[in-house]
Amino acid sequence: MAQTDGLTPPREAPGQPRVSKLVLLGSGSVGKSSLVLRYVKDDFKSVLPTVGCAFFTKVVDLGASSLKLEIWDTAGQEKYHSVCHLYFRGANAALLVYDITRKDSFHKAQQWLADLEKELHPGEGVVMLVGNKTDLGEQREVTFQEGKEFAESNKLLFMETSAKLNLQVSEVFSTVAQELLQREARQSHSAQGEAAVVLNASPAPQAKCCAR
Ligand SMILES: Nc1nc2c(ncn2[C@@H]2O[C@H](COP(=O)(O)OP(=O)(O)OP(=O)(O)O)[C@@H](O)[C@H]2O)c(=O)[nH]1
């Protein structure tokens, strides 16, 4: 296991890809661990409920650039709630997962989002709402449109997935990674712009001396 406490934002070593911390959160049994298992190991099997938190890493190859994700899979069961929200701290990105066959897990997403926002700086962090288990379409209780509207009203990215059938799983992680890199590029561009403005600023007019 990599050495990290999960609370301190990750830093990249020189010459290594940039490191970002991504947390998965959402109610119990919505499929958070299954999404991670599918993405990191391309596997789907019966997994026990997460106890506390599980940690993984994966380098996302985005062609011209790459990004190393530190993935924190938090437990959704109520009894771990007080421990797990500590792991949201310092996250650069989050997947807020619900189960499309369970309306209660969708309603609770609002609460999970509020918990997450307490730990992230306002406007910082890429958050994607993920409706999992699309292979169970006949049991669907949350429409695509409902998910999309919730995401839009909270300025979240949105995708639906099936960890079981491997539908849209790698797309979720690569879209988030892409968005992280784009935001970083925009931030460094605007920081350079501000520096240029300061350098080009005309000198302050000299105060005229009017001593008699
Ligand atoms: N049909 C179907 N079942 C899924 C899918 N993803 C997960 N499951 C099943 O849903 C159950 C819960 O999956 P987990 O991945 O353990 O869910 P979790 O959100 O990590 O649960 P906690 O650890 O309790 O927070 C398991 O029986 C999985 O096999 C999916 O895409 N389709």
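Leaving aside its neighbours within four places in sequence, which residues is Val176 in contact with?

## Basis

This is a predicted model, in which local features need pLDDT of at least 70, side-chain atom pairs count only at pLDDT 80 or more, and totals for chains, interfaces and linings use all residues. Residues are numbered from 1 along each chain as its sequence is written.

## Core

Val176 is in contact with Leu22, Ala93, Val126 and Met128, neighbours within four places in sequence being left aside. Contact requires C-beta atoms, placed from the backbone, within 7 Å.

The largest nonpolar core has 46 residues. Such a core is a set of buried Ala, Val, Leu, Ile, Met, Phe, Trp, Tyr and Cys residues joined through C-beta atoms within 7 Å. Val176 is among the residues with the most contacts inside this core, as are Leu22 and Met128.

## Gly123

Gly123 counts as exposed because it has 6 C-beta neighbours inside 10 Å, the limit for exposed being 12 or fewer. Its C-alpha atom is separated by 23 Å from that of Asp73.

## Confidence

The protein chain averages a pLDDT (the predictor's confidence in each residue, from 0 to 100) of 86. Over residues 207-212, pLDDT stays under 50. Where pLDDT is low, the predicted coordinates should not be read in detail.

Notes:
Two residues are in contact if their C-beta atoms, placed from the backbone, lie within 7 Å. A residue is buried if 20 or more other C-beta atoms lie within 10 Å of its own, exposed if 12 or fewer, and partly exposed in between; C-beta atoms are placed from the backbone.
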